Amino acid sequence: MDLKSLIREIPDFPKPGILFRDITTLLQKPEGLSYVIDVFAEEFADQSIDYVAGIESRGFIFGAPLAYKLGAGFVPVRKPGKLPAAVHSMEYDLEYGTDRLEMHQDALHPGSRVLIVDDLIATGGTAAATAKLVEQCDSTLVSFAFIIELTALEGRQQLPDVPISCLLQY
Ligand code: AMP
């Protein structure tokens, strides 16, 4: 499967100088979506994953079908103010300023095994904040899964020492 050919590149989105890697063209192709989910499902099948934590919003698209295939639960990690019940909250740095991610305090049971999923890792700030939320719930982070890694930004340096699975590197 030539996955790279299914990712569209949009220059200067959402702001000048950013080359946006658009996965909607991958999702549009049934064989693209099924390939991604099947590869990750096979990789994590024997890792006793209890929960897949998907990062808003593209992590939801891949995380939910993966959780279904693994027989795991799905937990949404959301932008501030979206989740209705009590949350854990984690701030992280952006290029300019900060942002925050939230997860329900009762989303993961203590000791559960968690896989974090997003479409892309750039600087790693988003995924690192999600890892801290998992830690706050006293759960075990098993691994990260991303479709795309932007290697020049060295985002994996920000992440805790667990396996990181990426299907494509730029
Ligand atoms: P970071 O926290 O820098 O690792 O950024 C990761 C998050 O931002 C992910 O949720 C991505 O979907 C999004 N993102 C960052 N850079 C890009 C890019 N060049 N193309 C598409 N999405 C991006």
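Start by selecting Ser 57, which sits in the loop between β3 and α3. Keep in mind that what you're looking at is a predicted model. Show the backbone here and look at the link from Glu 56 to Ser 57: this peptide bond is cis, with omega about -10°.

Go to Pro 14, in the loop between β1 (8-11) and β2. The bond that joins Phe 13 to Pro 14 is cis too, with omega near -5°.

**Into helix α3**

Now select residues 58-70, which make up helix α3, and pick out Ile 61 within α3. Is Ile 61 buried or exposed, or something in between? Its relative accessibility is 37%, so Ile 61 counts as partly exposed. Ile 61 and Asp 118 are 57 residues apart along the sequence, yet their C-alpha atoms are 8.8 Å apart in space.

**The largest pocket**

Other elements that supply at least two residues each include β5 (87-93), β6 (98-104) and α4 (125-136).

**Along strand β7**

Stay with β7 and select Val 114, which is found in this strand. Val 114 has a relative accessible area of 0%, so it is buried. Show its neighbours: among the residues that Val 114 touches are Tyr 51, Ala 53, Leu 108, Val 134 and Leu 141. For contrast, draw a line from Val 114 to Ile 10. These two are 104 residues apart in sequence, and 32 Å apart from C-alpha to C-alpha.

**The nonpolar cores**

Hide the surface and select Met 103, Leu 108, Ile 116, Phe 144, Phe 146 and Leu 159. They have the most contacts inside the largest nonpolar core, a group of 28 residues. Helix α4 gives this core its largest share, six residues. A second, separate core has 25 residues, including Leu 3, Leu 26, Ile 49 and Leu 115.

Zoom in on Leu 159 from the largest core. Its contacts include Ile 121, Ala 127, Phe 144, Phe 146 and Ile 164. Then select Ser 165, in strand β9. Ser 165 touches Phe 144 and Phe 146 as well, and its contacts also include Phe 40 and Phe 44. At 7% relative accessibility, Ser 165 counts as buried because the cut-off is under 20%.

**Two positive phi angles**

Select Asp 138, in the loop between α4 and β8. Asp 138 has a positive phi of about 60°, and at 56% relative accessibility it counts as exposed. Then jump to Glu 154, in the loop between β8 and β9. Glu 154 has a positive phi as well, near 55°, and at 47% relative accessibility it counts as partly exposed.

**Last stop**

Finally, select residues 24-149. An unreviewed UniProt entry places the feature "domain: Phosphoribosyltransferase" here. Colour this stretch by secondary structure: it is 35% helix and 34% strand, and its end C-alpha atoms are 17 Å apart.

How values were computed
Residues are numbered from 1 along each chain as its sequence is written. This is a predicted model: local features need pLDDT of at least 70, side-chain atom pairs count only at pLDDT 80 or more; totals for chains, interfaces and linings use all residues. Side-chain values use heavy atoms; hydrogens and water are left out. Helices (H or I, at least four residues) and strands (E, at least two) are DSSP runs, numbered from the N terminus. UniProt positions are given in the numbering used here, feature names are shortened, and annotations may be inferred rather than shown by experiment. Buried means under 20% relative accessible area, exposed over 50%, partly exposed in between (1.4 Å probe, protein chains only). Contact means heavy atoms within 4.5 Å. A nonpolar core is a set of buried Ala, Val, Leu, Ile, Met, Phe, Trp, Tyr and Cys residues joined through side-chain atoms within 4.5 Å. Lists of a residue's contacts leave out its neighbours within four places in sequence.
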